[in-house]
Amino acid sequence: RVYAPTISAEEADLADQGALGSITATIDFDDEHTLAAFKKMAAYGEISAEPANLLRVLKMVGHQNVNAEVLDMIVKEEMCGRSFLDEEDFMNFVNSYETR
């Protein structure tokens, strides 16, 4: 698997707008990067499960091309349509996304 480096929320927004160009460095996906992204985006120990928010966090983790349909399906089917995810739920969400 090949992933872009972990980037900040601001960098993810700029990347969405095409302002950063192509990110070509690679890193291995790991729980440390996932947990760091969660902590950066969490408020009161949870993050919003809104699709735009989860897309941004997955980009921070290092996913270059996030499939929004898969993202929505996981939240609806495996996270029971929750509005917010705690750390454990988020880690499960990312692991589920990874396996699809």
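This is a predicted model: local features need pLDDT of at least 70, side-chain atom pairs count only at pLDDT 80 or more; totals for chains, interfaces and linings use all residues.

Next I wanted to know which residue Asp89 pairs with in a salt bridge. The partner is Arg82, and the closest N and O atoms of the two are 3.5 Å apart. Arg82 has a relative accessible area of 35%, which means that it counts as partly exposed.

How many salt bridges does the structure hold? I found two. The other entry on my list joins Glu78 to Arg100, with 2.4 Å between the closest N and O atoms. I then checked where these partners sit: Glu78 lies in the loop between helix 4 (68-77) and strand 2 (84-86), while Arg100 belongs to the segment after helix 5. They are 22 residues apart, and the pair links distant parts of the chain. Both ends went into my notes as partly exposed, Glu78 at 34% and Arg100 at 44%.

Then I stepped back to the overall layout. I counted five helices and two strands, and from the N terminus the order reads α-α-β-α-α-β-α. The chain has 100 residues, and 35% of them are buried. For contacts with a separation of 6 or more, I noted that 61% come from residues 24 or more positions apart.

On to helix packing. How do the axes of helix 3 (residues 51-61) and helix 5 (residues 87-99) cross? They come within 12 Å and cross at roughly 75°, so I called helix 3 roughly perpendicular to helix 5. Helix 3 brings Leu54, Val57 and Leu58 to the contact, and helix 5 brings Phe90, Phe93, Val94 and Tyr97. Sorting them by class, I got seven nonpolar residues, no polar and no charged ones.

My last stop was the largest nonpolar core, with its 21 residues. Which members touch the most others? I wrote down Ile47, Leu54, Leu58, Leu85, Phe90 and Phe93. Helix 2 (31-41), helix 3, helix 4 and helix 5 each give two or more residues to this core.

Setting aside neighbours within four places in sequence, Phe90 is in contact with Thr34, Phe38, Ile47, Leu54, Val57 and Leu85.

Conventions
Residues are numbered from 1 along each chain as its sequence is written. Side-chain values use heavy atoms; hydrogens and water are left out. Axes are lines fitted to C-alpha atoms, for helices over the stretch in contact, and angles run from 0 to 180 degrees between N-to-C directions. Helices (H or I, at least four residues) and strands (E, at least two) are DSSP runs, numbered from the N terminus. Angles under 35 degrees count as roughly parallel, over 145 as roughly antiparallel, 65 to 115 as roughly perpendicular and the rest as oblique. Contact means heavy atoms within 4.5 Å. Ala, Val, Leu, Ile, Met, Phe, Trp, Tyr, Cys and Pro count as nonpolar, Asp, Glu, Lys and Arg as charged, and the others, Gly among them, as polar. A salt bridge is a side-chain nitrogen of Lys or Arg within 4 Å of a carboxyl oxygen of Asp or Glu. Buried means under 20% relative accessible area, exposed over 50%, partly exposed in between (1.4 Å probe, protein chains only). A nonpolar core is a set of buried Ala, Val, Leu, Ile, Met, Phe, Trp, Tyr and Cys residues joined through side-chain atoms within 4.5 Å.
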